[in-house]
Amino acid sequence: MGLLGVILGSFANVVIYRAPKGLSVVKPPSHCTDCEHFLEWYENIPVFSFVFLRGRCKGCGAPISARYPLIELIMGMVWAATTYRIGLSPALPMFLFFVTILVVLSAIDLEVRRLPNKVLWPASIAAVALGLAAALISRDLTNLSTALLGTLAYGLPMLGIGLAVPGGMGGGDIKFAGYLGWHLGWLGLGRVAVGALLGFILGGLLGIALLLAGRKGRKDAIPFGPSMAFGAFVSMLVGNLVLTAWLG
């Protein structure tokens, strides 16, 4: 599954680049954004092509961002870890899609400081569809009810923060919280609490670090999506262990 994740990481890079710009993620084919050179098949091999081309476009020699192989490698690792954690169960496709979206939205938020609806809404619809399919295949609707509760348990408090402190929480973060809550709730409501708390802790530490380093001012927006995503991913993998450690 790790190798398949690396391969799909190439498509994830397309979504990360095009979705914030409102471009189609299907067409045109992959090309250099500087000279419009359409990539040959051997220029599109995940990780290998970057090394083979020495990080430069074959057509114009423009440098290729190291983000591309990095995203492909990260995708491979999160797919392998998710498969190990969830196992070969009916819910595995939903969680593989889930961690793919975590990587995509984290990268977008870091680059453009927003979580676009063009990714969030289709991802949310897919999450519900894949959850329904997993429940029907396993003939157990229990996880669906906890997933719905998880959506509310994470999404509503974030909505409350956004209403109470205008500008303190972006609309994308609020919707993202519901998306995270669905998947963590599937695994148990305790995972929702762990994922949310880790997200806030990581976001706070990141904000403090950027302020101390002089990279951000007090009024500057700091992307919260990556912290939420990482907290959710850790909770998915080892949430029960973290919860046990916290509760003693």
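**A pocket, a helix and a salt bridge**

Hi everyone, let's start with the pocket: helix H1 (2–18), helix H2 (48–52) and helix H3 each supply at least two residues to the lining of the largest pocket. Helices here are DSSP runs of H or I with at least four residues, numbered from the N terminus. This is a predicted model, where local features need pLDDT of at least 70 and side-chain atom pairs count only at pLDDT 80 or more, while totals for chains, interfaces and linings use all residues. Residues are numbered from 1 along each chain as its sequence is written, and side-chain values use heavy atoms, with hydrogens and water left out.

Back to that pocket. Its volume is about 680 Å³, taken as the space filled by probe spheres set on grid points joined across faces, edges and corners. A pocket, on a 1 Å grid over the protein atoms alone, is an open set of points where a 1.4 Å probe fits, with protein on both sides within 12 Å along at least five of seven lines; lining residues have an atom within 4 Å of a point. There are 31 lining residues, and His31, Cys32, Leu39, Ile64 and Tyr68 lie nearest the centre. H1 gives the most, with five residues.

Now to helix H8. This helix covers residues 189–212 and reaches 35 Å from first C-alpha to last, close to the 34 Å expected at 1.5 Å a residue; the expected span is 1.5 Å times one less than the number of residues. Its buried residues include Gly195, Gly199, Gly203 and Gly207. Buried means under 20% relative accessible area, exposed over 50%, and partly exposed in between, with a 1.4 Å probe and protein chains only. Among the elements covering those buried residues are H6 (142–164) and H9 (225–247).

Which side chains meet in a salt bridge? Those of Glu111 and Arg67 do, at 2.8 Å, N to O. Glu111 sits in helix H4 and Arg67 in helix H3, 44 residues apart, so the pair links distant parts of the chain. The rule asks for a side-chain nitrogen of Lys or Arg within 4 Å of a carboxyl oxygen of Asp or Glu, and the count comes to one. Arg67 is buried at 13% relative accessibility, whereas Glu111 is partly exposed at 45%.

Last, two loop arginines. Most residues other than glycine have a negative phi. Arg113, between H4 and H5, has a positive phi of about 65°, and Arg139, between H5 and H6, has one of about 55°. Arg139 is exposed at 79%; Arg113 is partly exposed at 39%. Thanks, everyone!

Conventions: Contact means heavy atoms within 4.5 Å.
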